[in-house]
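Please open the structure in your viewer and keep the selection tool at hand.

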Amino acid sequence: MSKLKTGIFSGSFNPIHIGHLALANYLCEFCGLDEVWFVVSPHNPLKEQADLWPDELRLRLVQLAIGDYPHFRASDFEFHLPRPSYTVHTLDCLKSSYPKREFHLIIGSDNWLTFDRWREPERIIAENQILIYPRPGYPVNKDELPGTVRIVDSPTFEISSTFIRRALTEGKDVRYFLHPAVYRLLRAEL
């Protein structure tokens, strides 16, 4: 029996927005993934933590956003790992915990260009499948990629969680940038 192809989309999802959802939907429907797990990261070692909303709120927003699509799953897996969370350790623990799955790490082209700064990047590349999605302004030469890494030709969305947070703080109506349930909760919470 073949293993379930499971995309690991790790991020702060601070908050999750339609760009995240559309990309994950594309990967399931057009790139051969059976599922995408949204792994909410408690703290990215390469990012500032000051603007990070509470872990449970970010997880709840992901759950609200993906609730009605059967190929998506919200995951608090990294909440139970030592911090800061390093992708190499998360992938090791996922493979140990779910041996019947084939994990595919999903990262943006911006992250690929700084991948050498990650913890044990050579081992991640050697031991895992990696899917790179395009980000405007961060071109990747597909001819120079290792065999375990491929670029997906997904649509690009120039939406950021930083933009969403700022807009909400300023009282802007950004309902079409967010899943309706996420927007309703944030309007009530903020």
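With which residue does D55 form a salt bridge? Select D55 and R58: these two form the salt bridge, and their closest N and O atoms are 2.6 Å apart. The term salt bridge refers to a side-chain nitrogen of Lys or Arg within 4 Å of a carboxyl oxygen of Asp or Glu. Side chains of opposite charge can pair when their charged atoms come close.

Before continuing, please note that this is a predicted model, in which local features need pLDDT of at least 70, side-chain atom pairs count only at pLDDT 80 or more, and totals for chains, interfaces and linings use all residues. Residues are numbered from 1 along each chain as its sequence is written, and side-chain values use heavy atoms, with hydrogens and water left out.

**First stop: helix 2**

Select residues 55-66, which form helix 2. Helices (H or I, at least four residues) and strands (E, at least two) are DSSP runs, numbered from the N terminus. D55 and R58 are separated by about one helical turn because they are three residues apart in this helix. D55 counts as buried at 18% relative accessibility, and R58 counts as buried at 0%. Here buried means under 20% relative accessible area, exposed means over 50%, and partly exposed lies in between (1.4 Å probe, protein chains only).

**Second stop: a network of salt bridges**

A search of the whole structure finds eight salt bridges. Select D92, E120, R123 and E127, which are linked in a network of such pairs. R123 and E127 both lie in helix 5, four residues apart, about one turn of the helix. D92 is partly exposed at 27%, R123 is partly exposed at 23%, and E127 is partly exposed at 41%.

**Third stop: the nonpolar cores**

A nonpolar core is a set of buried Ala, Val, Leu, Ile, Met, Phe, Trp, Tyr and Cys residues joined through side-chain atoms within 4.5 Å. The largest one has 37 residues, and those with the most contacts inside it include F9, L27 and F72. Among the elements that give two or more residues to this core are helix 1 (18-30) and strand 2 (35-40). A second, separate core of 21 residues includes W112, I124, V140 and L145.

Now select L27. Leaving aside neighbours within four places in sequence, L27 is in contact (heavy atoms within 4.5 Å) with G32, L33, I106, L131 and V152.

Is T6 buried or exposed? Select T6, which has its place in strand 1 (residues 4-11). T6 is buried, with a relative accessible area of 0%. Not counting residues up to four places away in sequence, T6 touches E35, W37, R101, E102, F103 and H104.

Finally, select Y176, in the loop between helix 6 (161-169) and helix 7 (180-189). Y176 is exposed, with a relative accessible area of 68%.
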